[in-house]
Amino acid sequence: MKSLSDVTFSNSFTSQFPGEFTNDATPRSTPKVLFSTVNPQPVKQPKILLWSNDLSKRLGLSTPPTHSDAEILSGNQIPESSTPYAACYGGHQFGNWAGQLGDGRAINLGEITDPQNKLWEIQLKGAGRTAYSRGADGRAVLRSSFREFIASEAMHHLGVPTTRALSLVDTGESVSRDMFYDGNVRAELGAITSRVAESFVRFGNFEILAAQQEKALLHKLMSWVVDRHYSHLSGKVDLLPLFFQEVCSRTAHMIAEWLRVGFVHGVMNTDNMSILGQTIDYGPYGWLESYDPLWTPNTTDLPGRRYCFAAQAPIAHWNLQRLGESLTVIGLTPSQLEEGLRIFRETFTEKYFKNMARKLGLKDLNPEEHKDFITELDQLMKSLELDYTLFFRALMKPSSSFESVFSISYKNLNVKEKESLFAWAKKYSDLLAAQNIQKDHQLENMKAANPAIVPRNFQLFEAYKLYEEKEDSSLMEKLFEKIQNPYEEPTEYDLLSQKRPDWAEDQPGSSTLSCSS
Ligand code: AMP
Ligand code: MG
């Protein structure tokens with residue numbers, strides 16, 4: 001077990017690709033390079049608020065963190081072996097090509113090798129300005145950094161592909177933000193999250209090179225990603241289409257998993273799409289409460305609802321199309337592009353129905369045969385305003401206690417609505433009987449597919465508020481502890497497994513979130 005100061009960082013990205021080694025954070029465009037080096041800006045009084053023991057163990061680091069870990073993870077100390085850099089990428093934001101974006105406030109320290117010889121990139125989000133900050137401050141507020149930390153670790157424990165978070169640092173400095181872009185600028189607590197992933201390469205890293213027609217670099221980036229993360233494809237004759245197909249199927253798997261746990265990302269721009277099919281960049285996200293396919297947690301996404309719950313598969317498809325187009329610059333043919341997208345649609349549908357079967361404890365659900373059954377369930381959850389997380393857990397209870405479902409609705413159900421619930425429940429129990437499923441087997445499957453606890457926006461809001469107002473991090477810690485065991489029914493009467501209370505329905509910062517972070 002060691003501290004980060006004992007670790008040797010490797011710097012494959014900066015040693016393999018052309019970059020600007022100027023340590024200059026003046027905003028600028030950086031054509032023909034993949035990164036520009038920059039050092040984190042020191043902060044006043046760093047304090048590690050949250051630390052992922054689970055991840056630190058995986059990385060072979062000591063727990064609790066040492067003083068030098070805190071220094072490194074707040075950007076106050078730079079490991080000798082590290083070449084800190086910000087990556088250059090582009091992206092389509094809300095459907096439009098936005099040109100060069102890049103790591104505007106995330107600074108990569110390079111990679112460390114875990115005890116199983118696996119490489120992990122570490123980056124500090126909120127560590128100061130880079131060449132890609134475009135006039136912004138390069139910092140992050142604790143309000144949103146806490147949300148990113150919790151969601152990254154929650155998704156990992158839910159079994160959804162994701163980047164991870166190792167530490168959450170309160171920088172002891174304030175950061176000015178206009179939370180709803182309405183002229184109300186406020187000084188907020190500043191923070192730095194250390195994010196950890198096998199790679200932070202996004203669709204946007206490919207798009208920016210394609211936009212510049214940098215064919216050789218684009219090809220090199222693809223080969224580098226393949227050799228490190230799709231190594232079973234290395235050396236294949238049809239490497240390019242095979243690579244694209246696999247990004248498509250991994251992305252399909254990720255989206256089907258989001259739908260299984262009721263996650264809405266909120267900002268599915270192509271710069272927020274990982275080339276590994278992992279969830280990345282947690283901003284104004286949310287977990288569905290009152291079931292509504294059109295729900296988006298992001299006020300910036302209103303009124304279009306481009307990134308609402310039900311749009312996530314079609315949007316991932318649209319984003320893959322943009323990635324595919326970038327790959328046409330190095331030879332992906334239109335039919336190979338279409339084949340990748342077809343694989344996305346096919347994989348998504350298959351995984352979606354598989355997941356719904358798991359959620360219901362059924363052996364299988366067939367997209368043709370059971371389409372109406374699923375549509376009816378969808379309409380039922382929507383019209384009865386059922387809490388998505390609690391509803392599936394309620395289905396695990398004996399049918400005699402079906403009344404418990406009434407209490408997880410966000411409205412007072414009338415007789416007709418209750419009848420529609422019973423009518424669907426009858427069809428469901430007929431299906432269970434027809435598939436001849438053993439009760440304990442059914443419940444075991446359902447328990448593994450339906451989380452009992454997800455980090456709800458109102459809980460994150462409350463936990464953060466307690467820290468902001470009283471410097472009391474106990475609720476933050478409790479929430480962090482609970483989300484690491486999301487499939488276990490809480491034994492005590494536990495606020496964390498309750499549906500959203502009435503006060504939170506219109507609470508700014510809880511029910512309504514923006515991109516301001
Ligand atoms: P996001 O919506 O968080 O994915 O951010 C989109 C782009 O804006 C990325 O290039 C970010 O690095 C950049 N960005 C967001 N907030 C800041 C900030 N406070 N300072 C510098 N760059 C930022
Ligand atoms: Mg982003």
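This is a predicted model: local features need pLDDT of at least 70, side-chain atom pairs count only at pLDDT 80 or more; totals for chains, interfaces and linings use all residues.
Q278 touches P161, T162, T163, A197, E198 and M254, leaving aside residues up to four places away in sequence; contact here means heavy atoms within 4.5 Å. Q278 is buried, with a relative accessible area of 11%; buried stands for under 20% relative accessible area, exposed for over 50%, and partly exposed for what lies in between, with a 1.4 Å probe and protein chains only. In the chain, Q278 lies in the loop between β12 (263–264) and β13 (286–287). Strands are DSSP runs of E of at least two residues, helices runs of H or I of at least four, both numbered from the N terminus.

Residues are numbered from 1 along each chain as written, chains are lettered from A and ligands numbered from 1 in the order written, and side-chain values use heavy atoms, without hydrogens and water.

Let me turn to the metal. Which residues coordinate the magnesium ion (ligand 2)? They are N272, through OD1, and D281, through OD, at 1.9 to 2.2 Å. Donors are N, O and S atoms within 2.8 Å of the metal (3.2 Å for Na, K and Ca); water is not among the atoms, so sites may look incomplete. Both N272 and D281 are buried.

Finally, the C-alpha atoms of Q278 and Q438 are separated by 34 Å, the two residues being 160 residues apart along the chain.
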